[in-house]
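Work through the exercises below with the model open. Each task comes with a worked solution.

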Number of protein chains: 2
Amino acid sequence: MDLLQFFEKDILDMESRKRAAFMNSLTGFKSASLIGTMDTSGNTNLAIFSSVVHLGSNPALIGFVNRPDTTERHTLENIQSTKQYTINHIHREIFLKGHQTSARYPKEVSEFDAVGLTPEFSTGFQAPFVKESRIKYGMEFVESHPLKINGTILVIGKVVSVSVPTVCVTEDGTIDVEKADTITISGLDGYHATQRLARLSYAKPDQSPRELND
Amino acid sequence: MDLLQFFEKDILDMESRKRAAFMNSLTGFKSASLIGTMDTSGNTNLAIFSSVVHLGSNPALIGFVNRPDTTERHTLENIQSTKQYTINHIHREIFLKGHQTSARYPKEVSEFDAVGLTPEFSTGFQAPFVKESRIKYGMEFVESHPLKINGTILVIGKVVSVSVPTVCVTEDGTIDVEKADTITISGLDGYHATQRLARLSYAKPDQSPRELND
């Protein structure tokens, strides 16, 4: 297979949009989520993120990466002022609308209205969920880590509620996200469905992995 | 669709293995990478990670999440002492071997030998790449962020070299990871192939996204 090699200088020398496309695809497949928030005046906001990452199970912690605060970042502003947000999986019927939330709408425009998704509210929780989403969870802000090297912010929260289709929860606790048609993102703009190859048994030094059935 | 609801206490009350399976699948699809390192005595190490995340394009920064340092963590130890590591995409022909690197081999056993993958070296770079991997990149350690709340460590490095099949690099800089058969992980043990639904144009408030062809 014919290979291309790039070194540090080659990447730095790329035109900035090209470099962003290259670097954003280098890590492989990513989670596809819509983060819902509300500002202190009651305006809802919805934004697509591909950087949501598991940080711990006990306590139940999840992080996401927010770009440097050089332009308006309504999601982060709202989380900082209300301490609440929702994370909603994107499935194949809503990925076009999900992508469209990345357009730069003015602060007074709700992306829910602009792209045609429906805010959904849960008792005792202020931030809006996405009604059309199948797997969704409510988050409470815990801490943020600004990364000195480039101003990017890692936002960390704890899971306070989860809603998931009954058919997706398997006996061992695993949520079968493929069964909910959750998709995955590559690069800046690639959307992919998945097809499971296998679930594999817990790896032990003295035996080969075997396929699990569920 | 019939739904299950879980609240914070329900998650904390789960048996620990079940909670790990639940929480590790909650964020959706994840990147699938093998991280290669060498210790100061020249022993190679290889470990699977599903937490590799893009942090910035200029400088070219990538992070991964390392669990709390309560047991032996050879990857992190080696990175801290040599400052170098490689990140290698997992494709469908090597995911069984990739999974098997998660078994707890003693420090003197190289996972390359144990699972049947081949270390590959690049001039002027000490950490081993995975010969069988198609998309791979060399990393230099930049900084680590211990998260106070649970001891998890975010390890940040900069990209110093990238090797990618020529057919996967598109004109706008995007790397077509699906063309390299890169897979995606769900939960603790789910492996999935992908099928691209679309690439979408840069979103603007006044127009709907259209499909890009490449």
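Start with burial: a residue is buried under 20% relative accessible area, exposed over 50%, and partly exposed in between (1.4 Å probe, protein chains only). This is a predicted model, in which local features need pLDDT of at least 70, side-chain atom pairs count only at pLDDT 80 or more, and totals for chains, interfaces and linings use all residues. Residues are numbered from 1 along each chain as its sequence is written, chains are lettered from A and ligands numbered from 1 in the order in which they are written, and side-chain values use heavy atoms, with hydrogens and water left out.

**Exercise 1. A salt bridge within chain B**

Task: Describe the salt bridge between Lys136(B) and Glu120(B).

Solution. 
- The closest N and O atoms are 2.9 Å apart.
- Lys136(B) sits in strand β9 (residues 136–146) of chain B and Glu120(B) in strand β7 (residues 119–122), 16 residues apart.
- Lys136(B) is buried, at a relative accessible area of 5%.
- Glu120(B) is partly exposed, at 26%.

**Exercise 2. The interface**

Task: Characterise the interface between chain A and chain B by contacts, area and polar pairs.

Solution. 
- Count contacts, meaning heavy atoms within 4.5 Å. Chain A puts 103 residues in contact with 103 residues of chain B.
- Take the buried area: the accessible area (1.4 Å probe) that two parts lose on being put together, summed over both. The value is about 9200 Å², and carbon and sulfur atoms give 64% of that.
- Leu26(A), Phe29(A) and Leu197(A) supply 8% of the area that chain A buries against chain B, more than any other three residues.
- Count the polar contacts. These are pairs of N or O atoms within 3.5 Å; within protein, one must be able to donate a hydrogen and the other to accept it, and residues adjacent in sequence count only if both atoms are side-chain atoms. Between the chains, 42 residue pairs qualify (both at pLDDT 80 or more).
- Strand β12 (residues 190–200) of chain A gives the most to the side of chain A that touches chain B, with 11 residues.
- There are 4 salt bridges between chain A and chain B.
- One of them joins Arg199(A) and Asp189(B) at 2.7 Å, N to O.
- Arg199(B) and Asp189(A) also meet at 2.7 Å. This pair runs from strand β12 (residues 190–200) of chain B to the loop between β11 (184–186) and β12 of chain A.
- Arg199(B) is buried at 5%, and Asp189(A) is buried at 11%.

**Exercise 3. A covered strand**

Task: Explain why strand β5 (residues 60–66) of chain A counts as largely enclosed, and list its pairings.

Solution. 
- 7 of its 7 residues are buried, so the rest of the structure largely encloses β5(A).
- Check each face. Ala60(A), Ile62(A), Phe64(A) and Asn66(A) are buried on one side, and Leu61(A), Gly63(A) and Val65(A) on the other.
- Two strands pair if DSSP finds at least two bridges between them.
- Strand β4 (residues 53–57) of chain A pairs with β5(A) in the antiparallel sense over 4 bridges. The two form a hairpin with 2 residues between them.
- Strand β10 (residues 153–165) of chain A also pairs with β5(A) in the antiparallel sense, over 6 bridges. Asn66(A) has Ile153(A) as its bridge partner there.

Technical notes
A salt bridge is a side-chain nitrogen of Lys or Arg within 4 Å of a carboxyl oxygen of Asp or Glu.
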